[in-house]
Amino acid sequence: MVIGHQGPNFCAGANLASMIQVCEAGEFDKLEKAVKQIQDLTQRIRFSKSPIVAAPHHLTLGGGFELIGPAAHRVAAGELYVGLVEVGVGLIPGAGGNLRMILNLMENSGKGRMNSFQVAQKAFETIGFAKVATSGEEAKFLGYLLKTDTIVLNNDHRIGIAKQKALELAGSNYTPPNYREDLKLPGAGGRTAMAMALKGFKAQGKISAHDEFIAKKLAFVLTGGESAAAILSDAVIRLLPGVMNDETSALSDSFQDNLLAPPIYTRPSNYNGMKVPEVLLSGNKSLITSWRENEALKRTTKRRPDLLE
């Protein structure tokens, strides 16, 4: 199979206007379903028993890269503008682009040439600054293409060469790649290093507070997020007698009574103009409890209205 066409651009990314409409309507289940569908699609492309060759050309942005990334091979036009540009609109890649970038950088660098932090750092710089390659060769340098991918200077030949490559792979006893279980990411240490760099950029006025917020989300993903085993262990261990100093504090955890946890504050009470609400400094336990309940309800209504249904 060949994924490609002869239109003006391969794919300029998702329809942001329709995504905004869904968000404004509060139909987050629909949005989550759409994201899951494209995630599943990219995995089917990756692990298809028959070879799938992608033939990108001209604009191949955001979701366009996420479609070509998992293919068995790419036959790209020399005039190629490819990149993960989601950060530019306050998003991070959600259909496998982060993983594909990391895997491409690992393969292009050669085994053992780059450690896990160096790989994550380069991916962070490329995705975080929404770098766009302006040619097929530059795409290889940035990690959007593999060094083994094919570049075609004459766009009229792109689809034909992609078909030939698909037939060549099919005729050579093609087998899909094995699921990677050896992928190592830098974890919390790498995440801290990235957060410190972001703090410096913000202090210098190079990025805004919102840029820093989005970049931290990206860093969380690229460094491996939280281990599922660690989350499960925490959820189970905290139920053991004596583990928590005050067992009643678990009653205010997120999702308790189908509510998200209210905002949490710490010292100092005034940091760069951001103040702790006066009610929390009042010492009035009943008022504080009422405030926390109201804030939990507000946060849940805004972020997870489905929990209130």
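Buried means under 20% relative accessible area, exposed means over 50%, and partly exposed covers what falls in between, using a 1.4 Å probe on protein chains only. Keep that scale in mind for the tour.

This is a predicted model, in which local features need pLDDT of at least 70 and side-chain atom pairs count only at pLDDT 80 or more, while totals for chains, interfaces and linings use all residues. Residues are numbered from 1 along each chain as its sequence is written, and side-chain values use heavy atoms, with hydrogens and water left out.

**Stop 1**

Select Arg-74 to begin; with a relative accessible area of 2%, Arg-74 is buried. Helices (H or I, at least four residues) and strands (E, at least two) are DSSP runs, numbered from the N terminus.

**Stop 2: Lys-140**

Leaving aside residues up to four places away in sequence, Lys-140 touches Asn-108, Leu-145, Leu-146, Lys-147, Asp-149 and Ile-151, where contact means heavy atoms within 4.5 Å. Lys-140 is buried yet has no salt bridge, and the nearest side chain of opposite charge, Glu-137, is 4.4 Å away. For charge, Lys and Arg count as positive and Asp and Glu as negative, with His and the chain ends not counted.

**Stop 3: two further pairs**

The structure holds 7 salt bridges. Select Lys-165 and Glu-168 for one of them, at 3.3 Å from N to O. These residues are 3 apart in helix H7 (residues 158-170), so about one helical turn separates them. Lys-165 counts as buried, at 19% relative accessibility.

Next, pick Arg-304 and Asp-306, whose salt bridge has its closest N and O atoms 2.9 Å apart. Arg-304 is partly exposed at 29%, and Asp-306 is partly exposed at 28%.

**Stop 4: the cysteines**

How many disulfides does the structure hold? The count is 0, a disulfide being a pair of cysteine sulfur atoms within 2.5 Å. Show Cys-11 to see why: the closest cysteine sulfur, in Cys-23, is 19 Å from its own, too far for a bond. Cys-23 is partly exposed, with a relative accessible area of 33%.

Notes
Salt bridge = Lys/Arg side-chain N within 4 Å of Asp/Glu carboxyl O.
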